[in-house]
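Hi,

Here is the structure I promised to pass on. Have a look at it first, and then read my notes below.

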Amino acid sequence: MLSVIIPFVAESPQLFFTVQSLRHELEGIDHEIILIYNATALTNESDHPEINCSLYIQKKQPSDVRLLKFSERQSHWQAKNIGMEQAKGDILFFIDAHCLIYPGSLHRMYFDFFFYPLINHSYTLFFFFFF
């Protein structure tokens, strides 16, 4: 299984596009997507578009998308480590919420791990885009 871990803070429109590009790439691959909302204490979730966006994504794909929220701010690395602890997959893929996957690259990386198991892989697979 492939676990995709996405820590995010204030990237609601970008998060939607990132998850949408992942959906196309992950067709035919056993996977899970872990969204990690890394922010300070929430007074009212409806005031946070990031939460609304991630909840919308989670409702559209309830079986493969999980949302983790924190009441205390974590560092970016702490959020990734928590995502690693929660991941069910034996292959982990980290991506930021403002990045898009290059078409075909995630499939290639995933299957390379099975065909060449002794090779340690590190890929740069995404495009950056900003609004």
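**What holds the middle together**

The largest nonpolar core has 23 residues, and L2, V4, I6, L22, I33 and L35 are the ones that touch the most other members. By nonpolar core I mean a set of buried Ala, Val, Leu, Ile, Met, Phe, Trp, Tyr and Cys residues joined through side-chain atoms within 4.5 Å. Buried stands for under 20% relative accessible area, exposed for over 50%, and partly exposed for in between (1.4 Å probe, protein chains only). At least two residues of this core come from each of strand 1 (2–8), helix 1 (12–25), strand 2 (31–37), strand 3 (65–69), strand 4 (91–94), strand 5 (99–101) and helix 4 (105–115). Strand 1 gives the largest share, 4 residues. The helices (H or I, at least four residues) and strands (E, at least two) are DSSP runs, numbered from the N terminus.

Take L22 as a way in: leaving aside neighbours within four places in sequence, L22 is in contact (heavy atoms within 4.5 Å) with V4, I6, I33, I95, I101 and L106. Another core lies apart from the largest one; this other core has 7 residues, including I5, I34, F70 and A79.

Before you go further, note that this is a predicted model, where local features need pLDDT of at least 70, side-chain atom pairs count only at pLDDT 80 or more, and totals for chains, interfaces and linings use all residues. Residues are numbered from 1 along each chain as its sequence is written, and side-chain values use heavy atoms, with hydrogens and water left out.

**The strands**

Strand 2 is largely enclosed by the rest of the structure, because 7 of its 7 residues are buried. Both of its faces are covered, with H31, I33, L35 and Y37 on one side and E32, I34 and I36 on the other. Strand 1 and strand 2 run parallel, joined by 7 bridges (two strands pair if DSSP finds at least two bridges between them). In that pairing, I6 stands opposite L35. Going from strand 1 through helix 1 to strand 2, the chain makes a right-handed β-α-β crossover: with the strands pointing away from the viewer, the path from the first strand over the helix to the second runs clockwise. Strand 2 also pairs with strand 3 in the parallel sense, over 5 bridges, and there I36 stands opposite L68.

**Aromatic pairs**

How many aromatic pairs does a search of the whole structure find? There are 3, where rings of Phe, Tyr and Trp (its six-membered ring) pair if their centres lie within 6.5 Å, and planes under 30 degrees apart count as stacked, over 60 as edge-to-face and the rest as tilted. F8 and Y37 are a tilted pair, because their ring centres are 5.3 Å apart and their planes at 45 degrees. This pair links distant parts of the chain, F8 in strand 1 and Y37 in strand 2, 29 residues apart. Both F8 and Y37 are buried. F16 and F17 form an edge-to-face pair, 5.9 Å centre to centre with 75 degrees between the planes.

The protein chain averages a pLDDT (the predictor's confidence in each residue, from 0 to 100) of 76, and 72% of the residues score at least 70. Among the elements, strand 1 has the highest mean pLDDT (90) and strand 6 (residues 126–128) the lowest (45). Where pLDDT is low, the predicted coordinates should not be read in detail.

Cheers
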